[in-house]
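Okay, thanks for having me, everyone. Let me put the sequence and the model up, and then I'll walk you through a few spots.

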Amino acid sequence: MGNKDCLFCKIINKEIKSSIVYEDKDILAFKDIHPQAPVHILIIPKQHIEKISDLDEQKKDIVSNLILIANNLARDNKIDKQGYRLVFNCGPDAGQLVFHIHLHLLGGRKMAWPPG
Ligand code: 5GP
Ligand code: ZN
């Protein structure tokens, strides 16, 4: 299943180990290997879609599902009251490194704005 050259498809298929914090039939969430905050979780659809700009009318519900799971994980990690940041990096200028849509959930510290 998925794209054989995609790192996150390999994580979904358990070919590559990760620290999974949530899984259902459509979504996987796991800890980022290089955390940028005390809480740094990646929430991904199991469907291989390269980037947020590839979403269309048919696939648009995927994003709201990722956000609902991120909100639940923020509550589980007790960062919901203090606040958290949800980030999609899309394309080279945004610093996207893995071309399988992923939502970053970041929290547990004060964040700067604008982002670097
Ligand atoms: P991007 O820059 O594409 O938005 O974010 C990719 C994220 O994936 C980075 O935060 C990076 O630390 C994380 N990452 C890259 N490779 C792995 C891996 O093998 N396992 C996990 N858990 N995270 C990874
Ligand atoms: Zn993939």
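So, aromatic pairs: there's 1 in this structure. Rings of Phe, Tyr and Trp (its six-membered ring) pair if their centres lie within 6.5 Å, with planes under 30 degrees apart called stacked, over 60 edge-to-face, and the rest tilted. Here, Phe-8 and Phe-30 have ring centres 5.4 Å apart and planes at 80 degrees, so we call the pair edge-to-face. Phe-8 sits in helix H1, residues 7–12, and Phe-30 in strand E2, 22 residues apart, so to speak linking distant parts of the chain.

Quick housekeeping. This is a predicted model: local features need pLDDT of at least 70, side-chain atom pairs count only at pLDDT 80 or more, and totals for chains, interfaces and linings use all residues. Residues are numbered from 1 along each chain as its sequence is written, chains are lettered from A and ligands numbered from 1 in the order written, and side-chain values use heavy atoms, with hydrogens and water left out.

Back to Phe-30: its bridge partner in E3 is Leu-42. Strands E2 (27–31) and E3 (39–45) run antiparallel, joined by 5 bridges. By strands and helices I mean DSSP runs numbered from the N terminus: E, at least two residues, or H or I, at least four. Two strands pair if DSSP finds at least two bridges between them.

On to E1, which is joined to E2 by 3 bridges, again antiparallel.

What order do the 5 strands of the open sheet come in? E1-E2-E3-E5-E4, with antiparallel pairing. E1 (20–23) and E4 (84–87) are at the edges with a single partner strand each, so one side of each has no neighbour in the sheet.

Now the ligand. There are 16 residues around ligand 1, and among those coming nearest are Asp-32, His-102 and His-104; near means a heavy atom within 4 Å. For polar contacts with the ligand, we take pairs of N or O atoms within 3.5 Å. An oxygen atom of ligand 1 is 2.6 Å from a polar backbone atom of Leu-97. A backbone N or O atom of Val-98 lies 3.0 Å from a ligand oxygen, and a polar side-chain atom of Asn-89 lies 2.9 Å from one.

That's my tour, happy to take questions.

Conventions. Polar contact = N/O pair within 3.5 Å; in protein donor to acceptor, adjacent residues only side chain to side chain.
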